[in-house]
Amino acid sequence: MPETPPRLETKNLMRRYEGRVVVDDVSLKVQPGQVTCLLGPSGCGKSTTLRMIAGVEMQDEGEIWVDGNLVCDTVFRVPPERRNIGLMFQDFALFPHLQVGENIAFGLSGEKAQKDARVGELLERVGLEGYARKYPHELSGGEQQRVALARALAPRPRIMLMDEPFSGLDNRLRDGIRDETLDVLREADTAVLLVTHEPEEAMRMADNIALMRHGRIVQQGAPYNIYNAPADRDAVAFFSDINVIRAEVSGALAQTPFGQFLAPAISDGQSVDIVIRPQHVKIDFDRNGVGPSPTISDGTAARGQVQRARFMGSESLVEFRMDHDGSIFKATVPAVFLPKPGTPLWLMIRRDKCFLFPVE
């Protein structure tokens, strides 16, 4: 039995501006009912990728496929309005002179009764029954977002492209509206490709994350895998603060103040970075930082002097200046822990939570 093709597939997309490559060999697949996030810093090529898929910008190389059918390469091109792709952007782009019902019906064809029925169905789906005769300026930001969603869904697109559509909402509204929006899209079995530069948003929303940097996808996978098996040091740092321990390999071992680390695939004399997140640094509360290093089962402890401590709400962030090299090391502690600057304390690390990368 032949395999069902993905709802959306891009193959080796390339885009250049004035000789500069801004999208470089981007290939991805999105299945029906799946949310894929293009995640990366501003300027990495996320929005350009979205515009090429939508058909409002042409790629220089590569192909775009929908349900196993070619919609665009460098010769053949299906017009944007015939691609059955919906678009949602940060500013919602509602027509201010049209009522809500007219905004939603704008892209629909057919008899007025059919269009009115579709508008009513969508207003009920997004929780805005009775809003058909209101104007956009009479709505809150969250209500405008839901109207924009209803308008994008009106033609029953098989794919929805979303370019940071929630960034204009305040934090209090964002989580609820974001979850409601994605629930509606999944119920409609729509394939969603969403652009964001916020890792927490991607982790919360995505079934699959494509991490972009300098126009390229550097890693793809489920949020759990991207977070816990990062491709490189920059991938770790994109999701959280990091601590970095630089070491040199000798005999497949990297010697650090926290003990030895196995580095079997690294040549002797090669430098490596051992990366650990602050939440996986342990503070030895039973010792006051005086005397020899405490003995622990899987390594040794290193001492640092408290530089500053800040309460962050659910946890405290403590920064240390390490005795061995003067570097700054960060640790997070649940609840309130605010030691005075200059306090010496022993630090230990979760070795199972460390990532080791060769220094290029």
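Tutor: Buried means under 20% relative accessible area, exposed over 50%, and partly exposed in between, with a 1.4 Å probe and protein chains only. This is a predicted model, in which local features need pLDDT of at least 70, side-chain atom pairs count only at pLDDT 80 or more, and totals for chains, interfaces and linings use all residues. Residues are numbered from 1 along each chain as its sequence is written.

Student: What makes helix 4 largely enclosed by the rest of the structure?

Tutor: Ten of its 13 residues are buried, so helix 4 is largely enclosed. Among the buried residues are G142, V147 and L153. Their cover includes strand 6 (85-89), helix 3 (112-125) and helix 5 (171-187), contact being heavy atoms within 4.5 Å. Helices (H or I, at least four residues) and strands (E, at least two) are DSSP runs, numbered from the N terminus.

Student: Why is helix 4 called roughly parallel to helix 5?

Tutor: The axes of helix 4 and helix 5 cross at roughly 15 degrees. Angles under 35 degrees count as roughly parallel, and helix 4 is therefore roughly parallel to helix 5.

Student: Why does D25 count as partly exposed?

Tutor: The relative accessibility of D25 is 34%, so D25 counts as partly exposed. D25 lies in strand 2 (residues 20-30) and has a positive phi of about 60 degrees, although it is not a glycine.

Student: How do you know that R156 is exposed?

Tutor: R156 has a relative accessible area of 54%, and is therefore exposed. R156 belongs to the loop between helix 4 and strand 7.

Conventions. Heavy atoms only, no water. Axes fitted to C-alpha atoms, helices over the stretch in contact; angles between N-to-C directions. Parallel < 35°, antiparallel > 145°, perpendicular 65-115°, else oblique.
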